[in-house]
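Here is a short report on pockets and helix packing. Look over the sequence and the structure first.

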Amino acid sequence: MIQSMTGFGRGISSSPSKKIIVDLKSLNSKQFDISMRIPSSLREYEIEARNILAKRMERGKVDLSVQTENLSVEASATFNVPMLKEYKAQCEEMARELGIPLPADWYSVLMRLPDVMVSEPNAFEEEDKATFFTALEEALVNLQSFRLQEGKKLYDFFCSKIANIGELLGQVEPYEAERVPRIRARLEEQLSRLTSIEYDAGRLEQEMIFYIEKLDVTEEKLRLRSHLNYFLATLDADCSKDGGQGKKLGFIAQEMGREINTLGSKANHAEIQKIVVKMKDELEQIKEQVLNVL
């Protein structure tokens, strides 16, 4: 089953001293591109985490966000005394400049100002490393589960569009059967008007056969049908063995486009041209969504 490159996963794990929350988001991208926002206490594990993500996610634009919460009572918060002094001095200077009275209750004023408290987190313990990677693994599993769910929706979408193109291709045959006699009759009618010109009837027949053979679309129809079947087979391929299928599906869609374009250029029939336009519309929708496949 194919996977989407779009996904979200969250992992939560706790040690005696900390709770670690890992959020993973991914969007479609041709290459693997990762952005990481993690606390400074986890910086030493950044490269290891990046390698794990690159191996497991293969492609996509990935955003990793990590939050930590202290659970131990040893964590404490203290007053930011230098900041409080600076705030008080500025308030006194402002009161002098504006000629207004100083506040009667300094505590209520200063405690509402930003950054007056400083948290002192616990030191990062070795056991918290295992906690971080446990949360990362859970986030990865949840994200891949999300990708599979989105992949199922894409699978159903592609099957529907491929079926539509196959049905449209079948509608070409009735018009193709009447196309050659109509072209032949039109050419003979035009030649009948040239009464003043002599021509070799045998040579004319050969040229007419050659011209009509150039308009034959049998090979294009066979190749397009083959591409449709190959696209479906690729959808059902085992992604765990073959890797992501997105690029391969994109290449097959390009080949389908070439056959549809050739079919349209050789059609020489208004109804077939209308069918070709409908097939192109279905194919463009496929190409747009293929960009989201891993």
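## The second largest pocket

The lining of the second largest pocket has six nonpolar, no polar and two charged residues. Here Ala, Val, Leu, Ile, Met, Phe, Trp, Tyr, Cys and Pro count as nonpolar, Asp, Glu, Lys and Arg as charged, and the others, Gly among them, as polar. The model is predicted: local features need pLDDT of at least 70, side-chain atom pairs count only at pLDDT 80 or more, and totals for chains, interfaces and linings use all residues. Residues are numbered from 1 along each chain as its sequence is written, and side-chain values use heavy atoms, with hydrogens and water left out.

The lining residues are Phe79, Leu84, Lys85, Lys88, Trp106, Tyr107, Leu110 and Met111. Helices are DSSP runs (H or I, at least four residues), numbered from the N terminus. The volume of this pocket is about 170 Å³.

A pocket is an open set of points on a 1 Å grid over the protein atoms alone, where a 1.4 Å probe fits, with protein on both sides within 12 Å along at least five of seven lines; lining residues have an atom within 4 Å of a point. Points are joined across faces, edges and corners, and a volume is the space filled by probe spheres set on them.

## The largest pocket

The largest pocket has a volume of about 360 Å³. Its lining holds 15 residues, and Lys30, Gly246, Gly250, Val290 and Leu291 lie nearest the centre. Helix H8 (246–267) and helix H9 (270–290) are the elements that give two or more residues to this lining. H8 has the largest share, with six residues. By class, the lining has six nonpolar, five polar and four charged residues.

## H8 against H9

H8 also packs on H9, at an angle of about 165° with the axes 10 Å apart. Axes are lines fitted to C-alpha atoms, for helices over the stretch in contact, and angles run from 0 to 180 degrees between N-to-C directions. The two helices are therefore roughly antiparallel (an angle over 145 degrees). H8 passes H9 in a left-handed crossing, where the near helix is turned anticlockwise from the far one by less than a right angle.

Contact means heavy atoms within 4.5 Å. Among the residues that meet are Gly246, Gly250 and Gly257 in H8 and Ile272, Val276 and Val290 in H9. This contact has twelve nonpolar, six polar and two charged residues.

## H6 against H8

Helix H6 (residues 218–235) and H8 have axes that come within 9 Å and cross at roughly 160°. That makes H6 roughly antiparallel to H8. H6 passes H8 in a left-handed crossing.

Note on methods: Parallel < 35°, antiparallel > 145°, perpendicular 65-115°, else oblique.
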